[in-house]
Amino acid sequence: MSEGIKVSEAGVDVSRAADFQLALSTEWPTLKIVKEGTIDVNADGSNSITITSHGLGYAPVFMILDNGVAFTETGPGTSEFDGTPNFHSTKDNLIYNPSVATHYRGYYFIFDYDLGKVFAAPSDHATPQNSTTVSIGMKAAGRSKNIESTDGRDYTVNTDYRPWTVHLSGTTQATSDGFRLDHNLGYVPGALLFSVDSDGNLTPLQARATANAVSITFRGVQAPLTGTVAYVVLKDPIFIGA
Amino acid sequence: MSRDNGILIAAPGKKVDRSAPNELGFDSDKHTLMVKVGQEPPHADTVSYLFQSNPALPGTIGDTSQTIIATIAHNYGYIPASFGFISVKSPSTDGLSVPADSYYRSPLFIPLTGGGTQYIHYFVDNKNLYVAYRIQNRDDLSLTYVDMTGFSFDFKYYIFANPGA
């Protein structure tokens with residue numbers, strides 16, 4: 001047995017908590033945010049724009065939130081996930097390269113997570129436990145943040161919050177149409193995909209997933225899914241609430 | 001009181017002082033995406049929906065209205081980060097080519113049949129998360145769209161405490 005630490009979320013017995021009910025476990029990683037910030041750029045539809053440099057030396061996992069001005073047209077004051085291929089990460093930068101002229105406003109997260117390394121976590125407990133009134137907890141504030149803050153944004157771990165944690169990650173080849181991963185979690189987990197180009201750059205990829213308690217298969221949506229694909233399978237189930 | 005003390009914990013089998021930052025089991029200097037638990041309504045949960053009839057098409061060019069399927073209050077007072085997965089339970093009576101029991105990350109664009117673009121998605125503002133169905137900025141009234149009647153799906157949403165704008 002390896003040494004490690006597990007901390008369950010508020011009200012859940014740590015010895016019986018499902019993996020995804022842990023606020024902290026050293027057995028599997030979270031997507032650590034290495035850089036985040038707003039995007040407000042004018043793209044001409046021809047030239048790429050560097051949103052930011054990250055200095056990680058590999059193309060990292062990233063997430064873009066559209067603040068209501070691009071394809072979704074929900075308007076200012078809103079936000080939603082943007083999985084379009086207009087963004088990609090390189091070993092140095094986060095790049096925006098739309099095919100049409102756009103004034104883009106959004107928010108980005110760059111995670112210190114290298115999909116070039118295969119990772120597979122154990123599956124310890126799959127069944128979630130009901131919350132009790134136990135109020136023992138733990139929290140750690142981020143740099144220069146007040147440990148007495150009531151703002152969840154100030155904490156890097158807090159038992160009142162559940163982090164997204166990684167169950168499987170890596171890179172694989174999709175052949176003919178798609179690929180399958182065995183997760184053995186006992187439920188259907190969420191997942192993120194990226195296409196990988198010959199330079200190792202990552203671009204968000206939409207896929208059709210079919211899954212059960214032990215495996216998940218990804219296929220193309222409107223065209224066959226082929227080529228090199230990077231994946232993150234989350235511990236979190238997609239059909240159980242928090 | 002704020003301090004710059006911190007905690008580093010190595011991953012199993014690793015030494016904390018020989019681990020690269022992304023190899024650490026925990027680093028109190030690094031934030032991550034986090035969902036607040038124990039909230040009502042939950043900040044991560046599943047919404048189920050069945051189109052009992054086909055939503056009306058926007059009647060004018062440029063109409064950006066949409067059909068709100070569910071509204072989930074978060075009341076953060078700021079626009080939070082968010083994410084969603086859509087699981088198709090049954091396709092529409094129009095023979096929609098997104099098979100049952102498959103899932104996708106949001107937004108889900110309905111495959112084109114008559115040139116129009118329609119999709120299921122979510123968005124958040126500083127009070128709520130909304131699950132919605134939309135005809136994309138209709139710019140040609142001659143386009144046709146899939147009849148959504150009979151289409152049912154589950155939508156798993158996440159409202160993170162992290163900022164989303």
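Which strand of chain B does strand β13 of chain A pair with, and in what sense? Here are my notes on that and on the rest of this predicted model.

A word on conventions: residues are numbered from 1 along each chain as its sequence is written, while chains are lettered from A and ligands numbered from 1 in the order in which they are written. Local features need pLDDT of at least 70 and side-chain atom pairs count only at pLDDT 80 or more, whereas totals for chains, interfaces and linings use all residues; side-chain values use heavy atoms, with hydrogens and water left out.

1. Strand β13 of chain A (residues 161-163) pairs with strand β3 of chain B (residues 34-36), in the antiparallel sense and over three bridges. Within this pair, A:Y161 has B:K36 as its bridge partner in β3(B). For the terms, strands (E, at least two residues) and helices (H or I, at least four) are DSSP runs numbered from the N terminus, and two strands pair if DSSP finds at least two bridges between them. As background, strands of a sheet pair through backbone hydrogen bonds, either parallel or antiparallel.

2. **Extent of the interface.** On the chain A side 79 residues are in contact with 70 residues of chain B, contact being heavy atoms within 4.5 Å. The two chains bury about 6,200 Å² between them, and carbon and sulfur atoms give 58% of that. Buried area here is the accessible area (1.4 Å probe) that two parts lose on being put together, summed over both. In chain A, the residues that lose the most area to chain B are A:K32, A:R153 and A:W164, together 11% of what that side buries.

3. **Polar and charged pairs between the chains.** The rule finds 26 residue pairs in polar contact across the interface of chain A and chain B, both residues at pLDDT 80 or more. A polar contact is a pair of N or O atoms within 3.5 Å; within protein, one must be able to donate a hydrogen and the other to accept it, and residues adjacent in sequence count only if both atoms are side-chain atoms. There are three salt bridges between chain A and chain B, a salt bridge being a side-chain nitrogen of Lys or Arg within 4 Å of a carboxyl oxygen of Asp or Glu. A:R143 and B:D29 meet in a salt bridge at 3.0 Å, N to O.

4. A:K117 counts as partly exposed because its relative accessibility is 43%, and B:E23 is partly exposed at 26%. The classes are buried under 20% relative accessible area, exposed over 50% and partly exposed in between (1.4 Å probe, protein chains only).

5. **Other salt bridges.** Over all chains, the whole structure has 14 salt bridges. One of them joins A:K235 and A:D19 at 2.8 Å, N to O. These residues are 216 apart in the chain: A:K235 is in strand β20 (residues 227-237) and A:D19 in the loop between β1 and β2 (22-25) of chain A. Both A:K235 and A:D19 are buried. A:D151 and A:R153 form a salt bridge with their closest N and O atoms 2.8 Å apart; A:D151 is partly exposed at 23%, as is A:R153 at 33%. A network of salt bridges links A:E9, A:R162, A:D236 and B:K156.

6. **A sheet in each chain.** In chain A, four strands form an open antiparallel sheet in the order β3-β9-β5-β6, with β3 (33-43) and β6 (80-81) as its edge strands. β3(A) is joined to β9 (residues 102-111) by 10 bridges, and A:I33 stands opposite A:F111. Chain B has an open sheet of four strands in the order β5-β10-β9-β8, again with antiparallel pairing. There β5 (66-73) and β8 (108-109) each have a single partner strand, so one side of each is left without a neighbour in the sheet. Seven bridges join β9 (residues 118-124) and β10 (residues 128-135) of chain B, including the one between B:F123 and B:Y130.
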